[in-house]
Amino acid sequence: MRLREVVAVLEGHPPPTLPEGTEAISEAGLTAILGAPPGLLSGRRALLEHAARRQAVLERLMAFGTVLPALTGVCLTPAEAATALAANSPRLRQELRRLAGRVQFQVLVHWETGLVPTRTDPEETAEELRLRFARRIAEALARVAEEHVNLPLRDDMLANQALLLPESRTDELDRSLEQIDALWTEGLRIRQIGPSPPVSFASLTFSRVSSSAIRRARRRFGLEGPVDPIRLRALRRHLLLSAAEAERAAILDAAEVLDLLTRCASSGGDLHLIRIWSEGHAVPTSLEVAA
């Protein structure tokens with residue numbers, strides 16, 4: 001069966017109208033939106049055009065609820081996508097509910113290096129001024145965002161951040177940008193991109209679970225035959241409490257593989273484990289959000 005690129009996952013039934021070139025696969029109360037795979041494209045221009053079309057699809061899907069985007073280039077057959085939805089449904093629902101009502105903005109702040117702003121301290125150097133502006137900008141954005149990711153900076157940039165915030169607080173973001181602009185109105189250029197799905201905070205990637213990975217997981221937990229989820233949870237807790245810290249990641253990975261089997265033991269096809277990718281490490285603005 002043909003491969004298709006996974007664009008996004010939504011909760012519930014397929015949208016009543018789909019963006020051109022996409023199809024919907026539904027399973028376990030979730031819907032995967034599939035599109036043309038980028039592997040059929042060649043050349044930088046074609047890839048950029050594909051990325052722009054993909055972003056347009058993601059933004060159109062936002063009208064139908066919370067959108068979990070997938071990383072570019074994740075390709076499955078429709079049958080594999082359906083199995084992956086069923087196998088990973090608890091994790092997907094957990095992430096969809098965490099992100100419900102939240103959107104991403106990107107804020108870029110450039111400064112005109114050829115201009116010299118008025119300094120309150122005549123002995124302040126240009127570098128000290130740049131750092132002071134950068135701190136004030138970061139503070140203004142942190143007040144409105146639940147999480148943020150620092151993106152790469154060029155020499156003429158004071159800030160390049162992806163922000164995750166509730167849709168209800170977009171007015172607060174506008175006020176924060178006004179405060180930033182007031183720092184140096186004639187010398188700062190502010191660009192705001194969004195709202196968009198949380199591509200920098202929760203993009204999906206799908207990893208095929210090999211038969212050898214299943215065998216290793218079974219050996220680690222000492223399990224053969226059908227996997228009982230209650231026993232699996234008890235064994236996972238026991239192993240984590242008794243293991244050295246360096247072994248805990250492998251225990252959790254093995255538990256995820258076996259947990260997948262409890263939901264798709266009779267699927268008959270390849271199993272795919274969903275991972276949640278974040279650009280860098282999303283930084284919560286408070287310990288409460290982190291908890």
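1. Let me start with helix α8: its buried residues pack against α2 (78–87), β10 (203–209), α6 (211–221), α7 (229–242) and β11 (271–277). Those buried residues are Ile 251, Ala 254, Ala 255, Val 257, Leu 258, Leu 260, Leu 261 and Cys 264. Buried here means under 20% relative accessible area, with exposed over 50% and partly exposed in between (1.4 Å probe, protein chains only). An α-helix has 3.6 residues a turn, so residues three or four places apart point the same way. Helix α8 covers residues 248–264, 17 residues in total, and reaches 25 Å from its first C-alpha to its last, close to the 24 Å expected at 1.5 Å a residue. That expected span is 1.5 Å times one less than the number of residues.

2. Some ground rules before going on. This is a predicted model, where local features need pLDDT of at least 70 and side-chain atom pairs count only at pLDDT 80 or more, while totals for chains, interfaces and linings use all residues. Residues are numbered from 1 along each chain as its sequence is written, and side-chain values use heavy atoms, leaving out hydrogens and water.

3. Now the overall picture. The protein has nine helices and twelve strands, which are DSSP runs numbered from the N terminus (helices H or I, at least four residues; strands E, at least two). Its C-alpha trace spans about 75 × 50 × 35 Å along the principal axes. Of the 291 residues, 41% count as buried. Among contacts between residues at least 6 apart in sequence, 75% join residues at least 24 apart; a contact is heavy atoms within 4.5 Å.

4. Which residues touch the most other members of the largest nonpolar core? They are Val 6, Val 9, Leu 68, Leu 92, Leu 204 and Phe 206, in a core of 26 residues. Such a core is a set of buried Ala, Val, Leu, Ile, Met, Phe, Trp, Tyr and Cys residues joined through side-chain atoms within 4.5 Å. Two or more residues each come from β1 (4–11), β3 (30–35), α2, α3 (89–98), β8 (157–166) and β10. The largest share, four residues, is from α2.

5. Val 6 deserves a look on its own. Not counting residues up to four places away in sequence, Val 6 touches Ile 33, Leu 34, Arg 54, Ala 70, Leu 71, Val 74, Leu 76 and Phe 206.

6. A second, separate core has 21 residues, including Val 107, Val 144, Leu 158 and Leu 163. Leu 158 sits in strand β8 and counts as buried because its relative accessibility is 5%. Beyond its neighbours within four places in sequence, Leu 158 contacts Val 109, Trp 111, Arg 130, Phe 133, Ala 134, Ile 137, Leu 153 and Leu 188.

7. Is Arg 4 buried or exposed? Arg 4 counts as buried, because its relative accessibility is 13%. Arg 4 is in strand β1, and its contacts outside four places in sequence include Thr 22, Glu 23, Leu 34, Val 74 and Pro 78.

8. Two backbone details to check on screen. A cis peptide bond joins Gly 194 and Pro 195, with omega about 10°; Pro 195 belongs to strand β9 (residues 188–196). Ala 28 has a positive phi of about 55° although it is not a glycine. Ala 28 lies in the loop between β2 (23–27) and β3, and it counts as partly exposed because its relative accessibility is 32%.
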